[in-house]
Amino acid sequence: MNDMTSLRLESVVKKFPQREGSGEFTAVDNVSLDIRKGEFITLLGPSGCGKTTTLRLIAGFESPTSGRINLGGRDITMQPPNKRDMTMVFQSYALFPHMSVFDNVAYGLHLKRLSRSDIDKKVRATLDLMGLGALATRRPNQLSGGQQQRVALARALVMEPQVLLFDEPLSNLDAKLRVQMRGEIHRLQRRLNITSVYVTHDQDEAMALSDRIVVMNAGKIEQMGKPEDIYRYPATRFVADFIGRANFLDTKIQAIDDNCAVVSAFGQTFRVPLQQTPFSVGEHATLMMRPEAIRLAHDPSAKQVRIESAMYLGTEVEYMVMVDDQLWSVADTDPRTGRAFDEGATAGMTILESSLHLLKASH
Amino acid sequence: MKKLTVMLIVFVMVIFVLPLAAQDQTLTVLCTPQEDWCVAMTQAFQEETGIETSYVRLSSGEALARIRATADNPEFSVWWGGPADAFIAATEEGLLESYESPNAEMIYEEYRGSGTWTGVYVGALGFCSNIELLEELGVEAPTSWDDLLDPALAGNVAMAHPATSGTAFTAFWTEVTLQADALEEAEAGTGYDEDGAPTQAAIDNAFEYFAALHQNILQYTRSGSAPGRLAGGGEVAVAIIFSHDCVKLQLEGFQDVVVNTFPEEGTGYEIGGMAIIANAPEMDAAKMWYDWALTADAQAIAATVNSLQLPTNPETPISELSVNLDEVNLVEYNFAAAGASRTELVARFDSEIAPEPAE
Amino acid sequence: MFTLQRTLKDFRRTFGDPVLALGLLVAVLFVFFTILLPIFSMISAGVSGDGLTSLQRFITDPVYLNIIRNTIVMGLTVALGGTLLGFLFAYVQVKVKAPFKRFIHIVALIPIISPPFALASAIIILFGRSGLITKGIFDTRCLWGEGRGCNDIYGLDGLTLVLSLSLFTVAYMNLKGMLEALDPALDEAATNLGGSKWHIFRTVTVPMLVPGLAGSFLLLFVEAIADLGNPLVLGGNYEVLATRIYISIVGLFDTNAAAALSVVLLVPSLTVFMVQRYWINRASVVSVTGKPTGKPQQIEHPVVRWVLWGIVMAFCLLIVTIYGTIFVGAFTEVLGVNNAFTLSHFDFVINGYGAEAMTDTTLLSAIATPIAGLMGIFIAFLVVRKPFPGRGALDFATMLGIALPGTILGIGYLIVFNNPIELTIPIGETPLVIPIIPKLTGGRALLGGALAIILVYIVRSVPAALRSGVSLLSQIDPAIEEASTSLGANNAQTFRRITLPLIRPAFLSGLMYAFARSMTTISAIVFLTTPQTRIMTAQILNEVENGRFGNAFAYCVILIIIVLISIAILTFLVGGSSAATRGLQGGR
């Protein structure tokens, strides 16, 4: 095991009995994961993909059907959650409603049997760090959602755990606050350098916060990597579709040359750099392009497409265009242009070769 | 939560420690007459002897059932009051202790009972009727058992359940005796067997009578004196109770409400018994009670609570309000035979008569 | 095999905490010895030997079939009457615009603290053949009809009236909660679509309440057929199973026959319990809608409004009159015969065994109540939060404590605990005898039989605590407890520092109800009292059976005062912690 490894999941499987009937449902299917010290990992996926179950397995609220979990070299698979030196920030915040903010944050320290003065010092410091110093005597129900979220975070941070676990902590906040809190979490985590595992279904959050993103689907890990890699080089069509928007085109590999696949589309030939996935000549593949990698212009020589809809969003103009018989999404992010094409108009479409990516054919 | 825990501990201590501390000399009396007499008797005994005396009031059938059920570990030491039939039944089952009280000689000879029990009072059965209700129903106060079968009295007669009440059993046995007399009169040897006990035919006839009476009964109460209260409260017209209980009612505010009558063909009577329970937990105190309860002083307590049963100690002054048994036609009440067949008869009554729906 | 192993593994992990494992063991042993064992012993006594002979007679003899029919008919009429009354009160309370609602609510709650026999005795005084109202005002001896064949208070009609009045509170609370939880948007939607109020009532309100109505109906049915006190006083010739069981014990001490009759009584009770558990609860959909968003619409139609209100107020008046009669009767020589003021009844009660009965009853109830509360909450905690095999069975067995008639439990105790329970191991000449449970009932019972009574009180109260615990715990986000665990607390610490404080206020109000229930229970303990342990309700029974209503009323007044004072004390102890209740919603 790597010295830098903090948390390790080895072939973890979790099955639940089916509600009706006697069958079983596999929530987490053979997941292995190494998390380095100080790393911020996000488990990302649609609901029901097993990300929350994975987090609860790490926390110890569930026990794996098979597989092992290591923390700092110790096997903690069968250890109860209160002995694991991890703290969790919950989606519902789970503040103790009958305690003041101060007592909420001090709760874990009391259980550690720290001296009163130590507790006082640590709680004050953490509350100040979170900008909650003035609210120490309030009850949770007297706080705003953002403040409650901060208290929940403070309560977890004050324990100085080896691993900090987040279970969709921002999903109950409104959009503005969510962006703001996400920034704060990012700052704090970098500053305190605590190993963190973060569960969300929001790809923006995942990209903004993570060192690495683990995309999960149907209990399995689809792809694991840095946010840029996941976005630019998704391993599967599922990942490509789940992270951001993507347009797909079926194609055939004509040649492979200098680790680049040669494919043709709309009568044009493109050279697409290959990543890990191996391809062979003559293979059917799917060409993926992001909306922002497509340009529309009044260019009769380019591929002609029909504008189905055009929405002005401020940061971009989002077009839905009919390409042959598929509806594609195109984003014009040039700040200088407004809505250049009206609905029903025809435009010439060009594709940026450098942003193309090849996927295994999906069918 | 802490407060609760402390409270809990205190409670538990109290409940465990108190009974231990109270392990002085005590006496538990099984008392069958009316409650206020039980109170007066136990209080007087406690004052006299310093023995902490408590009682539980149970009607005689209940008392007998309870003594039987707890024979291995008796709860009571002495059983005081209630018709002698139940005492005789208990003696047959070996539930009572033999005791020769030095004071037994004070008692009229005919009430001295056997070795296990002694009579402490005597009283006759009668009808206690609500004057106003009788008038409304157009019925005279009953003077014979057959008067009770008058359809005008439907749902207007109350008596206790013979299984629980000695009073009701006395009424039942009275009817058995009357039926036996009638049979005997028709044909000698059919009413009584060679031992002088009523025959099965007499008993069956009595059951027939109570089956007919059942149509007029409102309710079988548990306690023998309770029907009197029903008559006093105007809930029934006629109650079959001991005449002294009717007099007691009259003295307690119902003097213009109820009237006390007797069946002319003959009525039953009770000898109120007293006995020590076999293996009594408080044997010494029980004997003290037994001796004391036979004295004139103890028997005089009855009148202070309006219980006008006739005392069995000739020295006891008799209230002029008491029913004079010489003026009442009493049946030849065979206590021994009554006691011997009691258990069987009440079980039969309970399954044959009581649960039947009335018309 | 694989599944079984894993189940075991899960179980080991869940109960790896010794405190939790010990708690589970205690709960299981408690349920086994105090509920299941007595019930099984009672059943086995009823279906074997002499019991079987009696049982065969009871289910073939037309006389007993008639008694069984009487019992069922009474159960049905009371269930119908009580549910209707409860619904009427709840509907007026929630949906009708009318004055004195607070008064109506309080009057509807009064019967909870009603001692047994109080209502029946007062009803006789008011509506009996020489009742203050029947005879005094209307100069009749009947409730309806006239002449000799008229219907008086004794029998089915009187029983239905009294039992409906005593039991309708449960239906009222149940239906009131449901009516309040009904999403007003439903009403509004229906109105929007052009429905009249009557149409809405028929097509929206009632169908939504069906589970509640059915649940109340079944609950009242069981309570009615289990009731002992009222048929004893008011039954007249209307015999029911409960009174037959009672006479079998007190008059004949025939435990086998009593057990056989109890088996007969057990069948409808158990059936209803099963139906309620597996059908009604599943059909219940209303509570899921959560907090209503709008304000409930109220009936303003003058005729409907005032007629409904008038009926409810009439019943309120009746209840108030009845309780007034109890109070006045306690201070009157013989109400209706001699109306002079007197304190002699109180004198009798306090100088007789009343004082002892008061302290004994209060003490035993006060000991039983917190134990029952904690036990109930703990079992609720296990059932809701710890997914272990057999939790359904634990919940079911615990609920049997209240689902079955008290007489059944009482007879079970009499059979099981009349002798010490010992484990005899035949080793050598003198076999080794290990005492497990000492003799708890009858003569020379442990603590004068007090322990058996405490156990019965606990067994009868735990189910209520369990149900309220389950519903309270379901309202608490499990994440709150997980948060505590994640911060390093073990199960016991979490339970004590987080769970208990959160459910405390509602839990304590549940305890008050349990306490009142223990103080007023009769059927379960009537066979268990001993000379050393006197229970007020049994004393009241004694007075009522001897026709001394004045003394009985004095007891009732004292009993009511004790319960009210206890409630006041508890409220005082709990006071001010309503913040936590508010927090339950605020925690999110």
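Predicted model: local features only at pLDDT ≥ 70, side-chain atom pairs only at ≥ 80, totals over all residues.
The ring centres of F273(C) and F396(C) are 5.1 Å apart and the planes meet at 45 degrees, so the pair is tilted. Rings of Phe, Tyr and Trp (its six-membered ring) pair if their centres lie within 6.5 Å; planes under 30 degrees apart are stacked, over 60 edge-to-face, and the rest tilted. Because F273(C) belongs to helix 12 (residues 255-283) of chain C and F396(C) to helix 16 (residues 391-403) of chain C, the pair ties together parts 123 residues apart in sequence. Helices are DSSP runs (H or I, at least four residues), numbered from the N terminus.

## Aromatic pairs and cluster

Over all chains, 46 aromatic pairs are counted. For F87(C) and Y91(C), the centres lie 5.6 Å apart with planes at 35 degrees, so this pair is tilted. Both residues lie in helix 4 (residues 62-95) of chain C, four residues apart, about one turn of the helix.

One aromatic cluster in chain B includes F127(B), W145(B) and F169(B).

## Charges over rings

The charged end of R342(B) sits over the ring of F169(B), 5.0 Å from its centre (CZ of Arg or NZ of Lys within 6 Å of the ring centre and within 35 degrees of the ring normal). R290(A) lies over the face of Y231(A), 4.0 Å from the ring centre.

## Basis

Residues are numbered from 1 along each chain as its sequence is written, chains are lettered from A and ligands numbered from 1 in the order in which they are written. Local features need pLDDT of at least 70 and side-chain atom pairs count only at pLDDT 80 or more, whereas totals for chains, interfaces and linings use all residues; side-chain values use heavy atoms, leaving out hydrogens and water.

Key:
Helix = DSSP H or I, 4+ residues; strand = E, 2+ residues; numbered from the N terminus.
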